[in-house]
Amino acid sequence: MALYAIGDLHLGLSVNKPMDVFGPGWDRHVERLRDAFMKLHDDDLTVLCGDTSWGIDFVESLQDFRLIDSFPGRKLLVKGNHDYWWNTAAKMQRFFAENGITTIDILHNNCHTYGDYALCGTRGWFYEEDQKPHNEKVLKREVGRLEASLQLAGGRPILAFLHYPPLYEGYRCGEILEKLEAYHVAQCCYGHLHGYTHRRAIQGRYGTVDYSLVSADYLRFVPKKICD
Ligand SMILES: [Fe+2]
Ligand SMILES: [Fe+2]
């Protein structure tokens, strides 16, 4: 039994989406993901840190979720900026149930557990979002979602999973970092960074939290083991 994390599977089995926009290294990415996931076990849990499917709705993303469901173990989904198929928790759960998808659940406005750990998460915030309208409102909403998730940890040690990096070379999202530290988060995994931007990622201990980049191309499409 082990806990894994990987983000940005960017599956598009029902849509034609060339992946070279994210830089070299995406060749055969679905096959490479499949090979790595098939080595996991039924009692493992993998957190998928956003940008899971290119599908714009449930119809377009169904094949991607069928593939993920065929992999061993449970999977928890965090929302990414490209997850246009995302919907209310009730609708997503109904979509999974109606399609016989039994190993996928949502990590959003809630908290799950793994052994003694609480698993918390939300999409997060990145400076790219500053360019968009209503950014202050959306930032506040994301911080609120993160805090709601952290509050549900109930005294357990916390592992946090975000899509957006809360820190990056030349950038800090103070509001998110503050919450991670206030709730004594031990480790924070994030995705979103692709290609040449990997080299600007900040990893390891910063403040009181240990950060890891887990975007799929950075991990060469092999889920990162977080703990046993
Ligand atoms: Fe991505
Ligand atoms: Fe992203």
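This is a predicted model: local features need pLDDT of at least 70, side-chain atom pairs count only at pLDDT 80 or more; totals for chains, interfaces and linings use all residues.
Residues are numbered from 1 along each chain as its sequence is written, with chains lettered from A and ligands numbered from 1 in the order in which they are written.

Okay, the big picture. We've got 5 helices and 13 strands in the protein chain; those are DSSP runs, H or I of at least four residues for helices and E of at least two for strands, numbered from the N terminus. The radius of gyration, taken over C-alpha atoms, is 16 Å, close to the 17 Å from the globule rule (2.2 Å times the number of residues to the power 0.38) for 228 residues, so the chain is as compact as a globular protein of that length. As for burial, 39% of the 228 residues count as buried, meaning 20 or more other C-beta atoms within 10 Å of their own, with 12 or fewer for exposed, partly exposed in between, and C-beta atoms placed from the backbone.

Now, α5. Which residues of α5 are buried? In this helix, residues 174-182, they are I176, K179 and L180. Down the axis of α5 they fall within an arc of 100° (directions from the helix axis to the C-beta atoms), so they line one face. Turned away from that side are the exposed G174 and A182.
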